[in-house]
Amino acid sequence: MNTTRATLALSLALSLAGCASMTESQCRVADWYRVGLTDGGSGTEQNRLADYAEDCGKIGIRPDTTAYRQGWGQGIVAYCTPYNGWLAGMNGHHTKVTVCQGQAGYEGFAQSHRAGLLVHKTKSRMTTNDNEMRRLQRQLEDATKDEDKRRIRDQMRSLDREQNLLRNTLRHQMTFAP
């Protein structure tokens with residue numbers, strides 16, 4: 001019975017990582033330490049507890065704030081690593097860095113986050129250029145005047161040069177991955 005309840009609580013905690021509210025049944029069985037641990041471990045702000053308090057308060061249940069904060073404190077230490085900073089940056093998450101401010105691993109997290117954001121920016125620019133290249137290719141196929149074809153080819157060559165520079169930049173940026 002205890003194993004089943006622990007498994008249920010862990011599953012509940014893991015499922016809560018991606019949502020801001022709880023159902024009545026989730027409020028009733030919540031292991032607040034594990035909920036906090038999961039939230040901290042996923043880089044969720046500690047103020048998520050206020051959302052839980054509001055949702056669970058509607059049915060007369062108060063979260064165990066002490067247990068939640070203890071769990072969150074353990075989870076955030078595991079989250080605030082250079083590797084997670086890198087991932088958050090590469091995914092373009094600008095706000096994730098604030099959750100680690102004041103935590104032991106903040107400096108490494110923030111440095112890797114900045115490096116990851118540069119990679120994200122470079123990849124975004126490359127995607128934009130790829131889309132522009134496809135658009136120009138369609139224009140070239142539809143162009144009938146030699147002057148238009150020449151102008152489009154010049155634009156495509158310029159984009160191709162930029163893509164080469166961006167690929168080299170990306171290779172360099174990836175050397176800073178933790």
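Reply: C80 counts as buried, because its relative accessibility is 4%; buried means under 20% relative accessible area, exposed means over 50%, and partly exposed lies in between, with a 1.4 Å probe and protein chains only. The model is a predicted one, in which local features need pLDDT of at least 70 and side-chain atom pairs count only at pLDDT 80 or more, while totals for chains, interfaces and linings use all residues. Residues are numbered from 1 along each chain as its sequence is written, and side-chain values use heavy atoms, with hydrogens and water left out.

The partner of C80 is C100, to which a disulfide joins it with an S to S distance of 2.1 Å; the term denotes a pair of cysteine sulfur atoms within 2.5 Å. The torsion about this S-S bond of C80 and C100 is about -95°, so the disulfide is left-handed. The pair links distant parts of the chain, 20 residues apart: C80 is in the loop between α5 (65–79) and α6 (82–90), and C100 is in the loop between α6 and α7. Helices are DSSP runs of H or I with at least four residues, strands are runs of E with at least two, and both are numbered from the N terminus. C100 is likewise classed as buried, because its relative accessibility is 0%.

A search of the whole structure finds 2 disulfides. In general terms, such a bond is a covalent one between the sulfur atoms of two cysteines. C27 and C56 also form a disulfide, with their sulfur atoms 2.0 Å apart. For C27 and C56 the torsion about the S-S bond is about -85°, so this disulfide is left-handed. C27 lies in helix α2 (residues 24–29) and C56 in helix α4 (residues 48–57), so the pair ties together parts that are 29 residues apart in sequence. C27 is buried, with a relative accessible area of 2%, and C56 counts as buried at 0% relative accessibility. With the bonded cysteines of the protein chain numbered in sequence order, the pairing is 1-2, 3-4.

L117 has its place in helix α7 (residues 106–142) and counts as buried at 18% relative accessibility. When residues up to four places away in sequence are not counted, L117 touches G89, M90, G92 and H94, where contact means heavy atoms within 4.5 Å. L117 and H94 are 23 residues apart in sequence, and their C-alpha atoms are 7.9 Å apart in space.
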